[in-house]
Amino acid sequence: MVVLSKPAPLDDHYASIKTCKPRISVFKGIPSINLRDPKAKTLIIQACQEFGFFKLLNHGVPMETIARLEAEALSFFNLPRSVKDKAGPPNPFGYGTKGIGPNGDVGWIEYLLINTDQNPEISRSAVKDYVMEVKAVAYEVVELIAEGLGIERRDVWSKMLREEESDWCLRLNHYPISQDLQALSGRKMIGFGEHTDPQIISLLKSNNTSGLQICLKDGTWV
């Protein structure tokens, strides 16, 4: 989930993003799939094969549940840095900043890794309600994928996600606004660097701020 906050000072240690080769063919956009469409499983399979990414419509997660968690996250990220640091470093849950990978990657980002049992920084009920709703969507999507692939057991993946030992987590990413970014003379900044999520599935709740990119089969970024 991505939220915005007030301007923050630019740190010289944040890395610039490499210029990617331009897209030659026409890109028509990420598929938008209505979860209630009778053809949803077929469309999801096609989107996964082509992009590995798609927008999900009519997912059923109440807007008030989303808004409540976003408000909690925004309140946390607007706290003074000295206060936020007390919630970190993440081990594995907690507050972190800059470091976004095991290879020493850095980014223009701060984040909070939480679960329903270890999150004193965010309302436990807000997290629990949000996670319950989003998990239900995850179960349904992976079951549609299994069904679309012709796998006999529709719950082959959702069963793993439902297990108590499942290593799910909720990550709140925050990319601070900075007036200094406008003075970079075309230099682009990494928010969260190039990566592939290792989980069975990732569900991303974004806002209307542009910047998220995915890599296509031909190696170009859109």
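Colleague: What is the accessible surface of the protein, and what share belongs to carbon and sulfur atoms?

Modeller: The surface comes to about 13,900 Å². Carbon and sulfur atoms hold 53% of that. Keep in mind that this is a predicted model.

Colleague: How many of the residues count as buried?

Modeller: Of the 222 residues, 31% do. Buried means under 20% relative accessible area.

Colleague: Why is Cys 48 called partly exposed?

Modeller: Its relative accessibility is 33%. Buried needs under 20%, exposed over 50%. Cys 48 lies in between, so partly exposed is the label.

Colleague: Which elements make up the fold?

Modeller: Five helices and six strands. From the N terminus, the order is β-β-α-β-α-α-β-β-α-α-β.

Colleague: Why are α2 and α4 called oblique to each other?

Modeller: Helix α2 spans residues 63–77 and helix α4 residues 124–148. They pack at about 135 degrees, with axes 9 Å apart. Roughly perpendicular ends at 115 degrees, and roughly antiparallel needs over 145. The angle falls between those limits, so the pair is oblique. Their crossing is left-handed.

Colleague: Which residues of α2 and α4 meet?

Modeller: On α2, they include Thr 65, Ile 66 and Leu 69. Their α4 partners include Ala 126, Val 127 and Tyr 130.

Terms used
Residues numbered from 1 in each chain as written. Predicted model: local features only at pLDDT ≥ 70, side-chain atom pairs only at ≥ 80, totals over all residues. Heavy atoms only, no water. Helix = DSSP H or I, 4+ residues; strand = E, 2+ residues; numbered from the N terminus. Buried < 20%, exposed > 50% of the residue type's maximum accessible area, 1.4 Å probe, protein only. Areas by Shrake-Rupley, 256 points an atom, 1.4 Å probe, with all protein chains shown as cover. Axes fitted to C-alpha atoms, helices over the stretch in contact; angles between N-to-C directions. Parallel < 35°, antiparallel > 145°, perpendicular 65-115°, else oblique. Left-handed = near helix turned anticlockwise from the far one by under 90°. Contact = heavy atoms within 4.5 Å.
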